[in-house]
Amino acid sequence: MKKIFTIIAVGALMLVACDNTPKFRVEGTIEGAKDSMLYFTQSTLDGVQRLDSVKLKEGGTFSFEAKAPTEAPEFYALQIGTHVINFSVDGTENITITAQLPTLEKDYVIEGNESSKKIKEIDLMRQEIQARIIKFEKNEDMLPGDRKDSIESTLTTYKEKVKMEYIFSNPTSAAAYYAVYQSITDLGGTFMLFNPLTDRTDVKCYATVATAWDGAYHDAPRTQQLCNMAIKGMDNTAAPQQKVIDVDESKVSEAGIIDINLPDINSKMRSIKDLKGKVALLDFTLYGAKESAERTRLLRTLYEKYHAQGFEIYQISLDEDIHFWKFSCENLPWVCVHETDGTTTQIYNIVDLPTFFLVNRNNEIVVRSDFMEGTLEDNIQRLL
């Protein structure tokens with residue numbers, strides 16, 4: 001028996017010794033974090049994946065290893081609670097991070113990857129911009145028009161700085177990719193800073209990075225994603241998008257509800273019939289439409305105001321880019337699903353986007369946006 005165990009142990013050691021998978025290492029210290037859980041994650045095109053974790057001891061030292069990216073730079077993070085350090089990895093480098101709580105995401109020092117230093121600069125600027133925008137939004141002494149102008153001016157100035165210093169200066173870098181995909185979170189939710197699907201000036205940013213990455217990392221999935229975004233942006237016009245579908249009107253039901261069962265961002269099937277007992281807004285939309293961001297803010301206001309009284313939103317995205325859809329709705333509090341084949345749009349006779357229906361507590365359609373009298377809020381109040 002002892003001999004068998006010896007053979008097994010030797011075999012295991014040989015397997016470990018034969019593991020030639022290229023790896024990178026991230027290590028360092030985080031002061032003031034004793035007994036805190038430190039999580040090591042990767043941001044993939046399919047979402048965030050947890051790679052490892054450790055409970056920090058007195059000295060706050062940590063060390064993680066992971067498979068090195070081979071096709072293109074990849075993006076990772078260290079996280080304690082709500083505190084996050086974002087960084088990129090190009091290959092088999094050793095990255096060293098020194099930080100402290102509670103200012104983890106602001107005062108850290110990172111060595112071993114130049115793009116990660118740029119990513120830190122971007123994150124710090126974004127945090128400052130978000131704080132400034134929220135301050136404007138909370139300032140009740142400002143007129144609505146002045147508040148809007150101040151926010152737009154702040155965003156425009158920040159975008160120009162990012163374009164010149166982080167995107168156009170070195171479009172092949174991981175920092176340039178990180179910059180074009182960054183998002184801003186304010187009181188109304190989260191939105192893309194650069195959105196080529198709604199802003200012609202932003203298309204140039206994506207196209208520049210896409211061209212550079214296509215030359216440096218031609219076969220990488222991230223390169224394909226960049227190219228798809230740039231091409232779709234070039235095809236879009238500045239006007240609000242419309243989608244026209246030829247339908248058989250005999251399939252349309254104006255009373256009751258025709259069941260819709262579609263996947264959300266976590267691939268969980270969500271049925272409109274599950275909302276029976278609530279007043280629901282059945283909404284067909286395009287997150288890539290020019291007016292989408294402002295419309296989402298208005299819907300969020302209604303949702304927060306009436307959700308406790310039984311109001312729900314079931315929102316169907318018709319965006320072609322799945323990753324863009326997931327990114328756009330990942331922080332929305334209502335039911336967000338995606339339609340790929342146009343079946344529900346035909347059944348519900350959707351010609352223009354956005355189009356919505358109000359559904360009463362009995363799961364019956366009572367009004368369509370095309371024929372609604374009064375405001376949306378007035379109709380929601382009436383049904384509640």
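1. In this predicted model, residues 24 or more positions apart account for 62% of the contacts in the protein chain that have a separation of 6 or more, where contact means heavy atoms within 4.5 Å. Local features need pLDDT of at least 70, side-chain atom pairs count only at pLDDT 80 or more, and totals for chains, interfaces and linings use all residues. Residues are numbered from 1 along each chain as its sequence is written, and side-chain values use heavy atoms, with hydrogens and water left out.

2. Of the 384 residues in the protein chain, 47% are buried, that is, under 20% relative accessible area with a 1.4 Å probe, protein chains only.

3. How do helix α8 (residues 292-306) and helix α11 (residues 376-383) cross, and within what distance do their axes come? Their axes, lines fitted to C-alpha atoms over the stretch in contact, with angles from 0 to 180 degrees between N-to-C directions, come within 12 Å and cross at roughly 25°. The two helices are therefore roughly parallel to each other, a term for angles under 35 degrees. Leu299, Leu302, Lys305 and Tyr306 of α8 make the contact with Leu376, Glu377, Ile380 and Gln381 of α11.

Key: Buried means under 20% relative accessible area, exposed over 50%, partly exposed in between (1.4 Å probe, protein chains only). Helices (H or I, at least four residues) and strands (E, at least two) are DSSP runs, numbered from the N terminus. Angles under 35 degrees count as roughly parallel, over 145 as roughly antiparallel, 65 to 115 as roughly perpendicular and the rest as oblique.
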